[in-house]
Amino acid sequence: MANLMKVAIVTGAGTGVGRAVTLALSRKNYTVVLAGRRQNLLKETAKVAEGWGGNTLVVPSDVANPE
């Protein structure tokens, strides 16, 4: 079987439970898409995850806003 890339999308990834989930998934070799309203906090979380060898993609967004 081919190696499949494990990808997760985490909303609220900049703080609290979302940040903790992002970091835990990064340690498990997931590529994590970090979604949330505050880009600066998402980037901080991404920096920590990448420091542990994780792959990340920061997507500033507000899931309450359909646009």
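Student: Let me start with a helix: which residues are buried in H2?

Tutor: Before that, a word on the source: this is a predicted model, in which local features need pLDDT of at least 70, side-chain atom pairs count only at pLDDT 80 or more, and totals for chains, interfaces and linings use all residues. Residues are numbered from 1 along each chain as its sequence is written, and side-chain values use heavy atoms, with hydrogens and water left out. Now the terms: helices (H or I, at least four residues) and strands (E, at least two) are DSSP runs, numbered from the N terminus. A residue is buried under 20% relative accessible area, exposed over 50% and partly exposed in between, using a 1.4 Å probe and protein chains only. In H2, the buried residues are Leu41, Leu42, Thr45, Ala46 and Ala49.

Student: Where do the buried residues of H2 fall, seen down the axis of the helix?

Tutor: For this we use an arc, taken from the directions from the helix axis to the C-beta atoms. The buried residues of H2 fall within an arc of 135°, so they line one face of the helix. Lys47 and Gly51, on the other side of H2, are exposed.

Student: What do the buried residues of H2 pack against?

Tutor: Packing is read from contacts, meaning heavy atoms within 4.5 Å. The buried residues of H2 pack against H1, S2 and S3.

Student: How does the span of H2 agree with its number of residues?

Tutor: The expected span of a helix is 1.5 Å times one less than its number of residues. For the 13 residues of H2 that gives 18 Å, and the end C-alpha atoms are 18 Å apart, which agrees. Just after H2 comes Gly53, with a positive phi of about 95°.

Student: Which residues are buried in H1?

Tutor: They are Gly18, Thr22, Leu23, Leu25 and Ser26. Seen down the axis of H1, these buried residues fall within an arc of 165°, so they too line one face of the helix. The face turned away from the buried side carries the exposed residues Gly16, Val17 and Arg27. The buried residues of H1 pack against S1, S2 and H2.

Student: How many bridges join S1 and S2?

Tutor: S1 and S2 pair in the parallel sense over five bridges, and Ala8 has Val32 as its bridge partner in S2. The chain crosses from S1 through H1 to S2 in a right-handed β-α-β crossover. Right-handed means that, with the strands pointing away from the viewer, the path from the first strand over the helix to the second runs clockwise.

Student: And how many bridges join S2 and S3?

Tutor: S2 (residues 31–36) and S3 (residues 55–60) pair in the parallel sense over six bridges. The chain crosses from S2 through H2 (residues 39–51) to S3, and this β-α-β crossover is right-handed. In S3, Val58 is the bridge partner of Leu34, and Pro60 that of Gly36.

Student: Which way do the residues of S2 point?

Tutor: In a regular strand the side chains alternate between the two faces of the sheet. Thr31, Val33 and Ala35 point one way from S2, while Val32, Leu34 and Gly36 point the other way, and all are buried.

Student: Is Asn29 buried or exposed?

Tutor: Asn29 is exposed, with a relative accessible area of 65%. Asn29 sits in the loop between H1 and S2, and has a positive phi of about 70° although it is not a glycine.

Technical notes. Pairing = 2+ DSSP bridges.
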